[in-house]
Amino acid sequence: MRPTMFFCAFFIASLLAVLPQASASATCRCFPGDACWPTENEWSQLNKTIDGRLVKTVPLGTPCHAPTYNSEACAVLKDGWLLPEEHYESSSSVMAPFFADGACDPFHPISKPCTLGNYVRYSVNVTSPAQISNAVKFATKHNIRLVIRNTGHDYNGRSTGAGALAIWTHHLKDLSIGSYSDKYYSGKAIIMGAGIQGYEAYEIADETGYQVVGGECPTVGLAGGYTQGGGHSALSSRYGLGADQVLKWEVIDGQGNFITATRDNEYSDIFWALSGGGAGTYGIVWSMTSKAHPGTPVSGLNLTYTNEGISQDTFFNTIETFHSELPAIVDAGAMSIWYFTNTSFSISPITAPNIPVADLVALLKPFTDSLDKLGIKYNIVAKQYDSYYSQFKDMQGVIEVGTAQYGGWLVPRSVVQNNNHALMTAYREITESGGTFIGVGLNVSRKVSGDVSNAVLPAWRDALIDTTLTTPWEWDNPALMLERQRQMTEDFIPKLTALSPNSGAYMNEACGLLSSPSFLHCYGDFQQPNFKEVFYGTNYDALRKIKVKYDPKDIFYARTAVGSDEWTESEDGRLCKAT
């Protein structure tokens, strides 16, 4: 019995009426053990059509469990398990433990045998569009669940799936800077294979005198869920979201066709959809071409203090003051990341492209003056760098994985300007109940993004704070993790939605909104009815039509992706059409 199944057993009686039957049928994907599952010979034939690129899954954590336990290999895995580097060279491992389901990791007992659980069964380590097309056609012919994955950087479980065949794009590493011109843009562009990670793009841009919009975690793949989900960046208040940079997509659709999509060609609809309309549902990206901006000096600033020697009211009032200064900071072109619990506050960092360090310090002066007036001791470091990548390497810290569960909400500028104290009260209640706040302060309004055509959630254009809330992850304690998921969805997030009910959430960081808390991963993807509005807003209906056009056989599925509400997962991970 899977560990989560034990803790979810008490929900069975109430769910029997809505769960799909765990057997092969015309409405379910074929599952390992079914009569329809491909034979070894059929898998071998697929392998021939994809140039021997088929990889059968052996879970990354296998050396940590009987009967193949290896103490030395397991120690290495355990030391690196919380770092993304440990996972993204694997064809099957995922970084969000909630979706690995305890099947095979270094933190469960050695005596517990590894199972495949929610991991994919096979992956295709693709190196050509033809391999992708052939794999899509094989999955369609045999009615197998298909998963698109690159690094496994995904809080929402979209890059894995029980009984699935994965299209693994991680080694698509073509990368160059060149010129691009159409009626909307003329300038330099970065051309990235689907496997390019942030640091690789930053390096080539830096070497050639440019800077490109990408995530704060340097190992995230840029052409996948990051840009397709919108993609905020330390450069966003200067240039907009990742999706605002896209000039061209090369993509294989649900029928295996290779498509080149731009804003003004015959495939402008899928260009629009891929640019912010969610990943994993329209096609498999081969490459992405995006704007490369001229390099500039970049300033950075870190600041930290604690509640030592002051009352809790005073401590939270100081954070409220910082929030009141955010509009001026982001309107100057800077982006801020900050963290706080109920005992400590940290700006880490403010990134300010083309803003002299003295001007950055001046932007923060109303806040630091308020701290000085209260006699609060704080540590501050402000520096100016020759380039964005120099500032990034020096001030952006290591981001661990597998340490937390997440939830999020986009807070509009109007809430901070008109209801700042109520917002701070909500944040305070959350942090005093065990949550940690991570804020991303930015301005990605139309004034900043310029003339773009994409499916970015409209709420982004009014947002001042992308709120991310976390609760700590504890291994081998699924009952507590379910309770913390419930806490996130039922207690924490509603405090923010009450202040801005018409806003939405960043789909790449909003795990707390994915599903009804008692059901998440007990019985798969029982989503909240409003995920369409929360992640896609008024774009959803148009996106659904585009999916039908380019994926008429509905081969692409990912949790919370467009069309995902038309499918459901049984406890063993079988994917079936919803009834």
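The structure is a predicted model, in which local features need pLDDT of at least 70 and side-chain atom pairs count only at pLDDT 80 or more, whereas totals for chains, interfaces and linings use all residues. Residues are numbered from 1 along each chain as its sequence is written, and side-chain values use heavy atoms, with hydrogens and water left out. The model holds 31 aromatic pairs and four disulfides.

**Aromatic pairs**

- Rings of Phe, Tyr and Trp (its six-membered ring) pair if their centres lie within 6.5 Å; planes under 30 degrees apart are stacked, those over 60 are edge-to-face, and the rest are tilted. By this rule the count is 31 aromatic pairs.
- Tyr202 and Tyr388 form an edge-to-face pair, because their ring centres are 5.7 Å apart and their planes stand at 80 degrees.
- Tyr202 belongs to helix α7 (residues 198-207) and Tyr388 to helix α13 (residues 388-395), so the pair ties together parts that are 186 residues apart in sequence. Helices (H or I, at least four residues) and strands (E, at least two) are DSSP runs, numbered from the N terminus.
- Tyr202 and Tyr388 are both buried, where buried means under 20% relative accessible area, exposed over 50%, and partly exposed in between (1.4 Å probe, protein chains only).
- Phe340 and Tyr427 also make an edge-to-face pair, with 6.1 Å centre to centre and 70 degrees between the planes. This pair links distant parts of the chain, as Phe340 is in strand β13 (residues 335-340) and Tyr427 in helix α14 (residues 413-431), 87 residues apart.
- Phe340 counts as buried at 1% relative accessibility, and Tyr427 is buried with a relative accessible area of 1%.
- Phe340 and Tyr427 belong to a cluster linked by ring pairs, whose members include Tyr305, Phe315, Trp338 and Phe437.

**A charge over a ring**

- Arg263 lies over the face of Tyr184, 3.7 Å from the ring centre. A charge sits over a ring if NZ of Lys or CZ of Arg is within 6 Å of the ring centre and within 35 degrees of the ring normal.

**Helix α7**

- The buried residues in α7 are Gly198, Glu200, Ala201, Tyr202, Ile204 and Ala205.
- The buried residues of α7 pack against β5 (175-181), β6 (186-193), β7 (210-211), α8 (222-228) and α13; contact means heavy atoms within 4.5 Å.
- Gly209 follows α7 and has a positive phi, near 85 degrees.

**Disulfides**

- A disulfide is a pair of cysteine sulfur atoms within 2.5 Å, and the model has four disulfides.
- Cys28 is joined to Cys576, with an S to S distance of 2.0 Å. The torsion about their S-S bond is about 105 degrees, so this disulfide is right-handed.
- Distant parts of the chain are linked by this pair: Cys28 is in the loop between α2 (12-15) and α3 (40-49), and Cys576 is in strand β20 (residues 575-577), 548 residues apart. Both Cys28 and Cys576 are buried.
- The sulfur atoms of Cys30 and Cys36 are 2.1 Å apart in their disulfide, which is right-handed with 115 degrees about the S-S bond. Cys30 is buried at a relative accessible area of 1%, whereas Cys36 is partly exposed at 36%.
- Cys104 and Cys114 form a disulfide with sulfur atoms 1.9 Å apart, and the link is right-handed with 55 degrees about the S-S bond. Both cysteines lie in the loop between α5 (97-100) and β2 (122-125), ten residues apart.
- Cys104 counts as buried at 1% relative accessibility, and Cys114 as partly exposed at 23%.
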